[in-house]
Amino acid sequence: MQESKFMDYLINDSNITSKNKAVSSRMSRARAVEKTLNLSLDEIVDDDKKMYQSLIRINEEMKNANGNYSNALRKYYTFKTGKKFPRIEEFYDENRFSI
């Protein structure tokens, strides 16, 4: 993960109101995702299928009831690609024959 660039991206995100706490929390959760999945976020977001599989794993392996871990990964995806990753169901529906 490109920590300093991602942190700058989050700080400059107008949707994040509580800069210190929210940015720190997202960074911490992004690191936890890397550790739990044993993959770098860069590797995950470079491949949409890997992104989909990682979101599924986060829901299964991490306490992601409120979506904080998947949100951190989704923010990183947007940071790297400039677009939002679709909802899990939407991605599955559009790609179910190639997953």
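**Helix packing and the nonpolar core**

Tyr-9 touches Lys-75, Thr-78 and Phe-79 when residues up to four places away in sequence are not counted, contact meaning heavy atoms within 4.5 Å. The structure is a predicted model, in which local features need pLDDT of at least 70 and side-chain atom pairs count only at pLDDT 80 or more, while totals for chains, interfaces and linings use all residues. Residues are numbered from 1 along each chain as its sequence is written, and side-chain values use heavy atoms, with hydrogens and water left out.

Tyr-9 is found in helix H1, where helices (H or I, at least four residues) are DSSP runs numbered from the N terminus. Tyr-9 counts as partly exposed because its relative accessibility is 26%, the scheme being that buried means under 20% relative accessible area, exposed over 50% and partly exposed in between, with a 1.4 Å probe and protein chains only. Leaving aside neighbours within four places in sequence, Thr-78 is in contact with Tyr-9, Lys-83 and Lys-84. For a sense of separation across the chain, the C-alpha atoms of Tyr-9 and Arg-87, which are 78 residues apart along the chain, are separated by 22 Å.

Between H1 and H2 runs a loop that holds Ile-16, and this residue is buried, with a relative accessible area of 5%.

Two packed helices are described by the angle between their axes and the distance between the axes. Here the axes are lines fitted to C-alpha atoms, for helices over the stretch in contact, and angles run from 0 to 180 degrees between N-to-C directions. The axes of H2 and H5 come within 8 Å and cross at roughly 95 degrees, and the two helices are therefore roughly perpendicular to each other; in this scheme angles under 35 degrees count as roughly parallel, over 145 as roughly antiparallel, 65 to 115 as roughly perpendicular and the rest as oblique. From H2 the contact draws on Arg-26, Arg-29, Ala-30, Ala-32 and Val-33, and from H5 on Asn-68, Tyr-69, Asn-71, Ala-72 and Lys-75. By class, this contact has five nonpolar, two polar and three charged residues, where Ala, Val, Leu, Ile, Met, Phe, Trp, Tyr, Cys and Pro count as nonpolar, Asp, Glu, Lys and Arg as charged, and the others, Gly among them, as polar.

H2 also packs against H4, at an angle of about 90 degrees and with the axes 11 Å apart, so H2 and H4 are roughly perpendicular to each other. Val-33, Thr-36 and Leu-37 of H2 make this contact with Ser-54, Arg-57, Ile-58 and Glu-61 of H4, and these residues divide into three nonpolar, two polar and two charged.

Val-33 lies in helix H2 and is buried, with a relative accessible area of 0%. Not counting residues up to four places away in sequence, Val-33 touches Asn-38, Leu-41, Ile-58, Met-62 and Tyr-69. One of these, Asn-38, is placed in the loop between helix H2 (19-37) and helix H3 (41-45) and is exposed, with a relative accessible area of 68%. Its phi is near 60 degrees, a positive value in a residue other than glycine. Most residues other than glycine have a negative phi.

Leu-41 touches Met-1, Ala-30, Val-33, Glu-34, Leu-73 and Tyr-76, again not counting residues up to four places away in sequence. The largest nonpolar core has 25 residues, and Leu-41 is listed with Met-1, Phe-6, Met-51, Leu-73, Tyr-76 and Phe-85 as those with the most contacts inside it; such a core is a set of buried Ala, Val, Leu, Ile, Met, Phe, Trp, Tyr and Cys residues joined through side-chain atoms within 4.5 Å. The elements that give two or more residues to this core are helix H1 (3-11), H2, H3, H4, H5 and H6.

Finally, the axes of helix H4 (residues 48-61) and helix H6 (residues 88-95) come within 11 Å and cross at roughly 135 degrees, and H4 and H6 are therefore oblique to each other. In H4, Asp-48, Lys-49, Tyr-52, Leu-55, Ile-56 and Asn-59 meet Ile-88, Phe-91 and Tyr-92 in H6, a contact whose residues divide into six nonpolar, one polar and two charged.
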